[in-house]
Amino acid sequence: MAEALQQLILDTLDAHSTISDTRSLVIPGQSEPAASQDAQIAILGALNSLLSRDMVKFETHEIVSHVLTPEGSQIAVEGSHEARVWSALPAKGQGAPVTPAQLMKQVGDETAKVGQGRAFKNKWIGKEGDGLVKLASTIKDSTQIDLLEIQSSGTLKSGEKDLADLRKRKLILQRKGQWFTVQKGTEFSTSTAKPETDLTVEMLTSGAWKTSTFKKYNFEAEGAPTEGGSLHQLLKVREEMRNIFLEMGFAEMPTASYIESGFWCFDALFVPQQHPARDLQDTFYISDPPHSLDPEPEYYKRVSTVHEHGGYGSTGYRAPWSHEETTKLLLRTHTTASSAHMLYKLAAKCRGEDVEDDRQDSAGGDEKAKHDDGFRPAKLFSIDRVFRNETMDATHLAEFHQVEGVVADRGLTLADLIGFMKVFFAKMGIKQVRFKPAYNPYTEPSLEIYAFHPILKKWVEMGNSGMFRPEMLEPMGFPKDVRVHGWGIGLERPTMIRYEITNIRTLVGHKTSIEGIENSPAPMF
Ligand code: PHE
């Protein structure tokens, strides 16, 4: 049907070059012109399809048309009430007159009631005795004729007065409608063959491309969403934090070793061997292989001595030292283990080791060189995974990420640490920070970091910081005036707040929503 209609329109245009009124078209398979609104709607569909291929152009004209009500439709089929009354009666003088009661039985109450009055008025029927008879031998049922005309054309040739009368009698309803004038478009042709969407090898070899019509590019069309990869929210936030560190001149530490020894994770940091953090309940230990290689013996000696007996101005813990404890292998509980490795490496020259060094050496012979103790300042950061034997709940998993920064220079003070953190958090969009004294085995003083969260509108704990203790730095070989401050914050918490995720299990693990990952925007701190 749709194809046939399009063909009809094109053929008519081909013959007459315009169609001045689409209501004059005779739709294939029908005998009457397409005057009804339903027909015009079908024509509009065909016109739009042809328009999209520029085969036609058309103008729309608004008209008011009419449709029959259910009562109107019945009259169109069975005749008006008055006509039905008339045909139920005998002609005058031919048979017994019909009483009103009989008439009601024959044509129904409604028709008998409405029809009688009108039939009398039209002089179609008359009284005879108690009954009714036909007066007219033939009648013209103009109501039925009018309704049939409206049914096929949507309107009446006789005009508005009769239409108003039928509307008042609730036999028809007004309906807004359209018709169209049609002209040839720029791509007019009488062929409705669908335009080609691809230029194929076959077309090129057969030469069919010369006569084919091609579908135009639709530059307005929205492309299909691409199925590219997407960074997980944690990685998006990590990227932002990494950028903040880099623009502040920090270098990234290597953090690939998830497995550390008790020595690097705790002992080197002056965490007592009896510290609860080292318990099975807090740390995952590795059973195979059972032990790490021994650390460098001289450094090991200095570390064990400061624990057991003190030194560098410290009394030490004065508790028995266990070699076994130091060689235990474990999943690192903090990235400060990596920081310890890096600081130990940074102090190599201070220990007098002959290390390759791309840093500017003081020229030999001058005054400075004599005093060069090998120390060079450093700013280091890492963002990586750590593991703790935690009971899991909505905000805790047994593994999470730490963001850690470490700065080493001569004469640093707590004010430098505080100042640094203020700058860092400001770059994350957090302008208000507070610090609370805390305890950390490897730092003194230590500070907990609280931030006023702009989204949550409350103070939240962000992390932990402090000045590394001499008991940790001096055994490594750092000169006495070198201070190192460090701090660590979690990556999960700011990520969850940023993306309004309330349960960590929807951020990490099998319940993660892939769609959520794809749709979450890059964070803007
Ligand atoms: N390692 C600490 C933690 O796990 C963070 C920290 C790093 C504190 C450096 C002080 C210095 O919370």
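This is a predicted model: local features need pLDDT of at least 70, side-chain atom pairs count only at pLDDT 80 or more; totals for chains, interfaces and linings use all residues.
K157 is exposed, with a relative accessible area of 77%, where exposed means over 50%, buried under 20% and partly exposed in between, taken with a 1.4 Å probe and the protein chains only. Its side chain meets that of E149 in a salt bridge, N to O at 3.7 Å, a term I use for a side-chain nitrogen of Lys or Arg within 4 Å of a carboxyl oxygen of Asp or Glu; E149, at 22% relative accessibility, counts as partly exposed.

Residues are numbered from 1 along each chain as its sequence is written, and side-chain values use heavy atoms, with hydrogens and water left out.

A search of the whole structure finds 22 salt bridges, including one between E78 and R84, at 3.4 Å from N to O. Here E78 is partly exposed at 46% relative accessible area, whereas R84, at 14%, counts as buried. There is also a network of salt bridges that links D267, R278, E325 and K328.

R410 forms a salt bridge with D481, with the closest N and O atoms 3.2 Å apart. Because R410 lies in strand β10 and D481 in the loop between α17 (470-476) and β14, this pair ties together parts that are 71 residues apart in sequence; helices (H or I, at least four residues) and strands (E, at least two) are DSSP runs, numbered from the N terminus.

Which charged residue is buried yet has no salt bridge? That is R53, for which the nearest side chain of opposite charge, E3, is 6.0 Å away, counting Lys and Arg as positive and Asp and Glu as negative, with His and the chain ends not counted. R53 is found in the loop between α2 (37-52) and β2 (56-68) and, leaving aside neighbours within four places in sequence, is in contact (heavy atoms within 4.5 Å) with Q6, E187, T192, A193 and P195.

Turning to the ligand, a nitrogen atom of the ligand is 2.7 Å from an N or O atom in the side chain of T336, and a polar side-chain atom of Q402 lies 2.8 Å from a ligand oxygen. Taken alone the ligand exposes 320 Å², of which the protein buries 92%, the areas coming from the Shrake-Rupley method with a 1.4 Å probe. In the shell around the ligand, β13 gives the most, with 4 residues.

Definitions and conventions. A polar contact is a pair of N or O atoms within 3.5 Å; within protein, one must be able to donate a hydrogen and the other to accept it, and residues adjacent in sequence count only if both atoms are side-chain atoms.
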